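Dear colleague,

Please find the structure handed over below, followed by some notes on what was found in it.

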Amino acid sequence: MSQDSALAPFAAVFAEPAGSPIRELFPYLSRPGMISLAGGYPSPSLFDAEGLAQAAQQAMAQGPGALQYGATEGLSELREALAQQARERGMQATAADILVTTGSQQAFDLLVRVLVEPGDTVLVEVPAYPATLQALRLAQARILPIPMDEQGLQTEALADLLAALPADQRPKLLYTVPNFSNPRGTLLAAERREALVQLARQHGFWVVEDDPYGELRFDEPGGVPQAMPGTVRTAGERLAAGGSNPVVYLSSLSKTVAPALRVGWMLADAPLLRRCTVAKQTADLCTSPLTQSVAACYLASGRYPATVQRARQEYQRRMQALVHGLNAAPDSGIRCSRPAGGMFVWAELDRRIDPQKLFDAAVAQGVVYVPGKAFYPADPDLHTLRMSFAAPEVPQIAQAVERLCQAMHSAMK
């Protein structure tokens, strides 16, 4: 009897793939008494379980059709509801401009599959969302970082980089979270939004505007940041704006309604949207029609604005507890700026502190965060970290601050 031959090898990019640096922290979360400032999970106490239960009953009452396959583009009633939200943000959108996806992460993955080939140049604001870096690495993209400051992505640095790049390295796309970025929590200044779109038109790259946190604004209750300039839809508007629209808008209901719905969407011009729709057909065929129907019923119920307002108020309380607690602690060695919205605080460490010793000491004290190295494509600033204030309650945050201070003293010995 002949010996079995070895199985075919994995694809090169999956020979030794790196997993999500945040999900690799999950084993720590199972430890008794651990307080997590790591994952960007919304607070379960803010889920409108009653409203979602009513929406689910309404969806099921529509008959067996709710359990059938659906259009790849998404349910028409949900797409219209999402288009209405976009119009309220100043975007000239219709249901035909929207592709419903299984979370906004799938939307980005579809864009990468449609636009990026191995070796293509892609620009990312840094520090960047780790799942974005993971998707781009697996696509074998050439990732170039664009620095950020307290006003978001530095468009002057972007302009300098674009001017220096050879023609054969022209970027395919730029990824940004302009509203309360993950991880820095910054809000991109209005003049930089204008400059970014102008640079995209001048150099011919797509701007991927990922916006899961835009409605979670603290400084202007009820206010939502402006849409990225150039997010136009009609042929007449594109002509008036000087050509095709370079902005692709991504968002999600995960941070404002419930992650379990897995409802995200892409808003883009027709040629790109059609290609992403074809790519989606080979992935999951369609986002769950049942959860889409639940989401559509929930948005139609009128409960959504109050749900978002409660989240804004409570997340602001939790953010203040974390930022004030750390900044007020004597010799804490951690300093962080106050975000204007979102779910995250970005912090810098005293340069005398060994970052790994601090992380180990924090875990020993019963608190976990995400080390800053996860947010850089290369050359990370190891003396940084990200903390999420969304999931723990205020008393837990106060306890987490105490534990971090104790860990700091241990790490400095």
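At 42% relative accessibility, glutamine 140 counts as partly exposed, a class that lies between buried (under 20% relative accessible area) and exposed (over 50%), with a 1.4 Å probe and protein chains only. Its phi is near 60°, a positive value in a residue other than glycine, and glutamine 140 sits in the loop between α5 and β4, where helices (H or I, at least four residues) and strands (E, at least two) are DSSP runs numbered from the N terminus. Leucine 285, in the loop between α9 and α10 (289–300), also has a positive phi, about 65°, and is partly exposed at 36% relative accessibility.

This is a predicted model, in which local features need pLDDT of at least 70, side-chain atom pairs count only at pLDDT 80 or more, and totals for chains, interfaces and linings use all residues. Residues are numbered from 1 along each chain as its sequence is written, and side-chain values use heavy atoms, leaving out hydrogens and water.

Two cis peptide bonds deserve a mention. One runs from valine 126 to proline 127, with omega near 10°, and proline 127 is in the loop between β3 (121–126) and α5 (130–138); another joins asparagine 182 and proline 183, with omega about 20°, in which proline 183 belongs to the loop between β6 and α7.

As for the sheet, its 8 strands form an open arrangement in the order β2-β9-β8-β7-β6-β3-β4-β5, with mixed pairing, two strands being paired if DSSP finds at least two bridges between them. The edge strands, each pairing on one side only, are β2 (98–102) and β5 (152–153).

Best regards
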